[in-house]
Each structure stands twice: as structure tokens, then as C-alpha cells.
Amino acid sequence: MLLFSRQGKLRLQKWYTAQPDKLKKKITRELVTTILARKPKMCSFLEWKDMKIVYKRYASLYFCCAIEHDDNELLTLEIIHRYVELLDKYFGSVCELDIIFNFEKAYFMLDELLLGGEVQETSKKNVLKAIAAQDLLQEETDDTKSLLEELGLTG
Amino acid sequence: MPAVKGDGMRGLAVFISDIRNCKSREAEIKRINKELANIRSKFKGDKTLDGYQKKKYVCKLLFIFLLGHDIDFGHMEAVNLLSSNKYTEKQIGYLFISVLVSASSDLMKLVVQSIKNDIVSRNPVHVCLALQCIANIGSRDMAEAFNRDIPKLLVSGDTIDSVKQSAALCLLRLLRTAPDLIQLGEWASRVIHLLNDQHMGVVTAAASLIEALVKRSPEEYKGCVSLAVSRLSRIVTSSYTDLQDYTYYFVPAPWLSVKLLRLLQNYPPPEDPAVRTRLTECLETILNKAQEPPKSKKVQHSNAKNAVLFEAINLIIHMDSDPNLLVRACNQLGQFLSHRETNLRYLALESMCLLATSEFSHEAVKKHQETVINALKTERDVSVRQRAVDLLYAMCDRTNAEDIVAEMLTYLETADYSIREEMVLKVAILAEKYAVDYTWYVDTILNLIRLAGDYVSEEVWYRVIQIVINRDDVQGYAAKTVFEALQAPACHENMVKVGGYILGEFGNLIAGDHRSSPIVQFQLLHSKYHLCIPSTRGLLLSTYVKFINLFPEIKAQIQEILRNDNNIRNPDVEIQQRAIEYLQLTSVTSTDVLATVLEEMPPFPERESSILAKLKKKKPGAAEDPDAAGGKSSPPTVASKPMPEISVNASYQPQGASGGSADLLGLSSSAPPAAAPASNDTGCLVDVFDMLGTGASPTSNGLTAAADENYKSATTPDLEAGPDKIHEFVCRNNGVIFENDLLQIGIKSEYKQNLGRVGMFYGNKTSVPFSNFTAEVSLPGELSSQLMAQAKPVDSQVEAGAQKQQLVNIECVTDFTVPPVLVINFLYNGAQQHMTVKMPVMVNKFLEPAEMDAATFFQRWKNLSAPAQECQKIFKAKPPMDGEQTKSKLLCFGLSILEDVDPNPENFVSAGVLHTRNQQIGVLLRLEPNSQAQMYRLTIRASKDAISTTLCELLESQF
């Protein structure tokens, strides 16, 4: 799964099959250019090598998934939508900047929704509950630290 | 800077905004290097870092990596974080590991140890983290380490739901990585029963795992069928409020429904009648729901609903047993064919392809033929048009073949480059498969060559020859038709090949007509000879020698051609050898021997069509034999069909060698074919060739042996292409761009607006195969943003004497000045060879001519008067000045010739549009020759700065 901006900048990448880094970069570059070249009214699905690409644009961000031939395209589109909904709910009307500055959160949230490339939990409530629980754990431990940092005591 | 949620790693946020504020790529790299140095010193410093600091630095490294930079340290610190008790530190540690550490890393042992500790933790969030890490990396080591623990977690009654979900998918990942290591044994049935779990999330996760298990051993997991059906039934009959948060835009549990429907596609229709009835009811309900008015106008609602519907249709097609359901499915898809959502039209076309293969619905699909043909014409998205082509191919049978083939041929003229080759194959197969009247077949294939000659692969034109040879009722017609086709002033090389072959075999059938008398046939063919590549010339030489046998009256003329220095001393050994041998053969042997040698080709043995094989290779899975459809739907016609399932004769098998295609008698010395069809009675022939072989003809082996010597010394000569060979290609699209003793590189290209399709041909001139052959297109410097080039991979092995083809798709993003570079590497006799060759792709290739009247021209000319928009050059004429040649150069350059614009008729005025992805640039030109001074003055104006200079320089090199 890839997330990239209209300018072709990669914002998030998640690979569910092992690939060497060099190949990852090559695939990413090819996909980004292919998708950016497509016009708005075109079909959200396209065949690419032996995979199918499902993509959708939300504001300035493109969300793109590579799926296998017999996977369900429409539902993949809705997984993307559900992910966007989750991000939106969590950040409160999400924008590209939220994802840049909180990239680790975006990853954690994706891990709750999809695991190993399969849907793990489709309930919005349950995913948000899990993420909220994580945040709670963080706040317990980080209070003192961030205070120190405010004072400029740590680099 | 937006608010940072959750924990505030302030240092990280500051760093990210620094990066974002960088104005240039250089500044960004500088900032990153500074940060890397800082982190490195912190990690190396003797002051021990606390967990928070480690977490922060690891997180920064991760960010830098995600920006696309390489990270070569910090892995150890990340692994240390895994053993932290603090959740957030652990979490960042795991994230870093899943993104950055490869399964083969030495650190994996440590990672596995940490996971082991976490997986037995009493804190479920730690267990989940560990499981997610396994699911993300899923190495073999992990499968070995955890193949007992995870299944236990999955089925244990104490495990909480979220852990169960992760465990299911984690196990799925390991199953995919190392199927041999995952055995559930006695737990199998408990895993199946997860389909009954109360928690929908658990069922959803488990369904994926179960499908993978089912694929591996269907018998063992057969019990899941009835469970899946009853679960599905409960979902589809529930109202959307029942499932609470698992309802997605008024659709109850779409993901789970789809997974269950897919799971069922692994089994035949259920045997138990009760289960079967229940499943049929489910599918009917889903079809009924599709007819209900939507509960929401949101696209999410319709997507989710239709996702379930399409999956249900897939299952209906898979079961292929209930005509009622199949026809209903087909009608439903028919509605989607004219839906306003492009996505739905695409999917409907795709699913209908499958329906067309079912005997129950094939006829129902055919009702939509008009709509599909319309889609081919009007869809704006090439991927949708591609689906329409596939569907037409699938729905084709004897009754509609003529219509469909005609429509496909019409479409071929304007079809996208990317799908032309496949379309050609499909048309060729359909024409052959459903031909009742073989004259129709011959017409179709010749049309194919006329319309899309470049895309007609060897298999296709071999095939038409095989069929003509095997069917004597069509031979006369074929000879007459190719003869007529060859009369066109410009005909494709493939047409010459087919024409040459067929006339050589059956020219006598039309020789009675004085309009196609032997000498006329010969002269017609020979008028194409000098335009052809060597392999085709070789084929034509064989045709000529057959003519001597068929028409002794023109023997003298033909021998004269063979004797011509252009042939008998041709630098191409194949042509030279043929010329010499044929000349000798026709001079030395008696007519009887000649008649035996040049006897008509025997019929080809029957085999699977090589075209079909090629299509299958090109699109595995997508290229069902249309017979699968036609066969089921109309068994009687197919069974009685006298189809010549013939295939390539040995010498016709594509040999990879460029010369192979023309090798009709098996005389080629470089690649001896398995059988020489016509030489089965060659007692005295051997003598003829022995006599020749001793000195008269230098064999290719002899030539290359010398070349071999040069390179055996394991040196690695770095070969550069000649400096300005590239200028020869400003006005040409095809030809040889590079050649040395080892390798010949040819190019064949075509351009349409801002897109180009370039075929590169690599010919191995030696007698030794090249290995590790790679050819990559490099876009140096700025060019990488100006041009896009996608090169298909080329076979890594290039056999001796063989030629390999590589397709490069090029898109002009914006104007550019330097051409792309081809980087070629291969091993020759163990020595590494490296060469770089400029590709003749210049900006003028993306020019298209424009027509306008004088008034418009001058108006536009005036508008482009800024200094940067104009470039003028005055230069001396190199080749003699010739008005006609200048005209054709300008036309080939990509511009129009505008008549009656310039008051001086000696001058040339042209216009064109330069297509780039970003914009279209108008180009105007005026060229004033001064024949007394033998000078030209060239002025170009363009609507974008600097382009006029680039074009001026390119064009100047041509005069």
C-alpha cells in the first residue's frame, strides 16, 4: 500500500510481501508516475504487471493498493476509504501535514486495520478504541519527558 | 506546525518542519546529513541514552528512511527498544524493525528473542505488538520459532479477541512464507469453528486464514462450507442495524461477506441439499438487494453493496450449475455496462468475460454485443477498452465472428499502442478459429498486416502460411490477394514476407492471367527487395529460386539478380550464401533435381496454434481459449468443425535468430534447424554444397571466429558509440544505431503526441551466447524529470546469432535537449562488456504537423516576437541543395509544409505542435535557401523559450 502526494512525494509505504529495497523504489516510482498521469474521471482500477492497482485521490493525497487478480476491487476501494475515515476521526479532519508529522501514528492505525495484507478489524469503533488505548499508555509514560524537552534539556 | 497528537516528541517535530522548510533538494540533504551525524555521535557517545532519547532518534532515522534515504545504522538501538517496558518505546522499536530490517539480517535472532518474550507477556497490547511484527516481517525463522505458540493463542479460550485477530492473520502470513512448517493438526476443527465466533472482527480475520488453509488442503477443511453458508445467510438476512459497527454505509459486514463468498469458491456447490438451498437463497437475496433502491446516495454505500454483488456473481459463475442465477447475474451486469460509474463498467465487462465461458449464460452475454462494441469506441480509459476487447474475444463464436472481427479491425486503426499486439493476436485467433470461409480468413490476416503490421508477430504470419499450405481450396485466392496487396506503393515488411512466401509456393496458380504473369510477379516482389531488412531479402531470394523452378522462362532474369554484386558480395553472410548457393544450384543441377529440391512444401503436422500459445504466454490466465466458451455453448458445431489444428513445422519454429524467420530451406549455417523439410531427397545435393562450402562462401563461423579471438583475452573494452551517429536519426525512426564486432543495435520507433513506443533490437553477431545481458535506459541529469522512459526487461541470455527485442515506452513530460542513454552490460566469453549508446529520441519526435493559412501564420509569427522565442541560424549547405529533399526532411522532422504562405516560392514555411505532458507548444519555421551562396537561413519561433534553439540545432545537422 502506498500513499503519496499530488507532487509524487511518498508519504507512507507498507509492503506486505518481501521485496529488496531497490525493487521497492523502482516499483514506487513507476506506480507514482503511472497514477499521476491518469485523468480524474478514469477508472480506479488498472492492471499492472500481474497485479491490479486500486487507487483513489483524497484532496492532495493519493492512496494506492496493489491487489491480486481475484481480489475484490470495490471493497479494496472501501478499505482505503475506511482508513481515511479512521485518520480523519483520529486527527479531526485530517490533512497531509498530519500524516507527515505523525507518520508513526498513521502506521499504527494501518496495522490495526490491515495485518499481513488482510482486513483485521473493520469496525471503526474498535480500531479507534485500540489506538486510544495506545495513546493512553503513552501519556502515562511521557509526561515527565516532554516537560524536560520543553526546557530544552534534551536534544 | 500542526499539533502533534499523543506523545510529543518535540525534537522530531522540529526536525520534520526543518526538512519541510528546506527550499531545495541540496538543502534537505544537508539538513539530513547534519542530523545523521548528530544521531551517530549520540549513539556512539559514552553517555548512555535513556529510552526516550533512543526512541526519538530511532524515530528520526525512520523518518529519514521514509524520505528515501539509506540508513545504515541504528538497527541495534531499535532492537534494544524492543526490550523496553514502556509501550511507546517498544512500539517505535517494532515499527523500525518492520520497516527497515530485512528478514536475512543478523539481528533477526535478537528480534525473534524479543518477540518470544512479548508473546508470552500477560499484557495483551505487548502480545499484539509482537504478533503484528511477525505478520509484517513473516520470515522463515519466525515460522520455525512460533509455529506452536501462535495456533495455541488462536484457539485458546483465554485469549482476548484483539489478540485472536492478530494471531489469525499472523499465522496466515507464516503459512504463506513457510507452508511446510505450519501444521494445525488437531486444532484444525477449532480453527474452522472460529467462523461461529461471536466477535465479527475475529470471524473476519479467521476467514482469511481459513481460505488459505483450504487452498492448501481442501479435504481437511471441508467442514467450513456449511459453517460459512450459515454465517453468510445470517449476514445477508440481517437488517443493517443488527450488526452495529460492522455495518458499513448500510451494508451489513461487506468485508466478511466477501471473504465468505470467496471461501466458498474453493469448493464445488455444496452436496447437502439443505446447505445448497440455503446458499442459493443467499445468492438470490444478494441479487434482489441489487434491485432495491439505494439506502444512501453515498458512493461508499453502492461500492460496498456492489462489491458483495460482484463476489456473489463470481461464486455463481464458479458453481456454474444454476441457469436461473447465471442469467440473472448476466442481466445485472448488463445494467452496469451502461452505468455512469466507470469503475462499475470496468468490473461488469470483466465479470461478463467469465459469464461468457459458461454454457448457460453464453447466449445471454451475446445480447450485449452492441453495448460492448460501443464501449470499445467510446470509453475514454484504455483499461476499460482493454476489458471490452477481452469480452468481445470471450463472447465470440461462429455466429458473430465476422461482426466482432470486423469491429476489432476497425478499432485497431486507432487503438492504443499498449494493447495493439494483444489485439492482433486475438483477431488472428478468432479469424482462424471461426473461419467458415477461408478466403475470409486470408482477407482478415492481410488486413491485419496492413493496419497494424508492426504488431503482427512472427507467429501470426507463420500461421497464415501454414493454413494456406494445408488448405488447397484457398491457395489460389491467397496468391491473388497477396499479389494485389503487394501493389500498394508502401506495404509493410510482413506483407512482403507473406507475399514472397505464398507467391513462391503458389504463384503458378495465378500466372495464367497476363496481369500477374511470372515476370510481373517477379518484378513486383523485386521492387520491394531493396527496402527490406536482410532476413526478408533472404526469404525473397528463396522465393526467386522457387520461381526458377515454377517458371523456367524467367530463369535468366533471376540468375542475373543472384549474380548481382549486391547479393553475391553482400556483407550479410546469409544473403551472400543464399545468392551463391542458389546460383550454383540452378546452374549445376538438372531440372529434375531442382524440382525435387524445390518441391511444394508438405502440409504441416497438426498441433496447437502457436499464436494461442503466444497469447497465453503474454497473458496467463486471461487468455482462455475461446473454444472453452464456444465449445460449451454450441457443442455440435464445434465438434463437426474441420479445424486444421496445425502448427509450425520445425524450420518454422521461431528460432530467435533474426535470420531464422527467412530460413525456408534450412540452409542457414548459423542455426541448423531440426529438420530441413524439402531436402529429404538430396543425394546429389550434398555434393553441390560440399563444392561450395570449401571456399566460395565464407561461413558466418569463420567470420566470427576472428572476432572471438579479439575478446578471449578477457579484457573489458568499454565501447562508445560513434559520436554523431545520432544525427542520422533526427528525421528517421528506424535503423541500426550501433554496431561493433559483437553487437548490433537496431531501433524501430513510433510516436503519437507526447508518447513514443520504441523497440530496441539487440543482435548477437558472434557464435557465442551473451549472458547476464541487461539493457537499461538512463536519463542523465535534468532529463530524468523531462522524459519518462519505461523499458521492459530483456531476456538475460542472447543466443549466438539471435536477436532480442526490448520495448521502451517513452513519454515527453516537458521539452528536453539531450537524448536518453542506453546502458548495456553483458558477459561475452566470460568478459564483462559495457557500452553506452545514445538513444535517438529527440524532442522533435514529439512534433506533429499543423496546417494553417497565410493570415493565421503571419498573425502567430508576429505574436512570437520575444527574443527568447526565436532562433535564427545561417549555415552552409552540406549535401547539395534539393527542394524535394528539403521538403521531405521537414516533413520527417515533424512539421507541415505550408504552401502559398511565403511570397518567395523558393522558401519553405512550416508549422507544428510539440506535444508534452505539461503543455502543447506551437512551433513555426521559415527556411530560406540561397542557392547561389549555397547557404541556408533557418528561423524558428516557438511559444516556449529555448525550444526554438534546440530545434534549430537539430534541424541544422540535417542540411
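**Sheets, helix packing and voids**

Analyst: In this predicted model, chain A holds an open sheet of 5 strands in the order E2-E1-E5-E4-E3, with antiparallel pairing. Its edge strands are E2 (10-13) and E3 (45-48), each of which pairs on one side only. From one strand to the next, the twist averages 20 degrees.

User: In the hairpin of E3(A) and E4(A), which residue takes a positive phi?

Analyst: E3(A) and E4(A) run antiparallel and are joined by 4 bridges. Within this pair, A:Phe45 has A:Val54 in E4(A) as its bridge partner. The hairpin has 2 residues between the strands, and the residue with a positive phi near 50 degrees is A:Lys49.

User: Which residue in E2(A) stands opposite A:Leu3?

Analyst: Strand E1 (residues 2-5) of chain A pairs with E2(A) in the antiparallel sense, over 3 bridges. In E2(A), the residue opposite A:Leu3 is A:Leu12.

User: Which helix of chain B lies across E3 and E4 of chain A?

Analyst: The strands concerned are E3(A), an edge strand of the sheet, and E4 (51-58).

User: How far apart are the axes of H2(A) and H18(B), and at what angle do the helices pack?

Analyst: Two packed helices are described by the angle between their axes and the distance between the axes. From H2(A), the residues A:Glu73, A:Leu74 and A:Leu77 meet B:Asn343, B:Leu344, B:Leu347 and B:Glu350 of H18(B). By class, these contact residues are 4 nonpolar, 1 polar and 2 charged. The axes lie 11 Å apart, and the packing angle is about 145 degrees.

User: How many residues line the second largest pocket, and how do they divide by class?

Analyst: A:Ala66, A:Ile67, A:Glu68, A:Asp71 and A:Gly117 are the lining residues that lie nearest the centre of the pocket. Domain 2 (102-222) and domain 3 (231-319) of chain B each contribute at least three residues to the lining. The lining has 49 residues in total, which divide into 25 nonpolar, 10 polar and 14 charged.

User: What is the volume of the largest cavity, and how many charged residues does its lining have?

Analyst: The structure holds 8 cavities of 30 Å³ or more. Lining the largest one are A:Leu10, A:Arg11, A:Ile99, A:Ile100, A:Phe103, B:Phe63, B:Leu66 and B:Leu67. Two or more of these residues come from each of E2 and H3 (96-101) of chain A and H3 (51-66) of chain B. The volume is about 90 Å³, and by class the lining has 7 nonpolar residues, no polar residues and 1 charged residue.

User: Why is one side of E4(B) and of E8(B) left without a neighbour in the sheet?

Analyst: In chain B, 5 strands form an open antiparallel sheet in the order E4-E5-E6-E9-E8. Because E4 (734-739) and E8 (787-791) stand at its edges, one side of each has no neighbour in the sheet, and each has a single partner strand.

User: Over how many bridges do E5(B) and E6(B) pair?

Analyst: The bridge partners in E6(B) include B:Gly756 for B:Tyr751 and B:Asn764 for B:Leu743. The two strands form a hairpin with 2 residues between them, where B:Gln753 has a positive phi of about 50 degrees. E5 (residues 743-752) and E6 (residues 755-764) of chain B pair in the antiparallel sense, and the number of bridges is 10.

Methods: Residues numbered from 1 in each chain as written. Chains lettered and ligands numbered in written order. Predicted model: local features only at pLDDT ≥ 70, side-chain atom pairs only at ≥ 80, totals over all residues. Heavy atoms only, no water. Pairing = 2+ DSSP bridges. Axes fitted to C-alpha atoms, helices over the stretch in contact; angles between N-to-C directions. Contact = heavy atoms within 4.5 Å. 1 Å grid on protein atoms, 1.4 Å probe; cavity = no way out; pocket = protein on both sides within 12 Å on 5 of 7 lines; lining within 4 Å. Nonpolar A, V, L, I, M, F, W, Y, C, P; charged D, E, K, R; others polar. Domains from an automatic or database assignment. Points joined across faces, edges and corners; volume = space filled by probe spheres on them.
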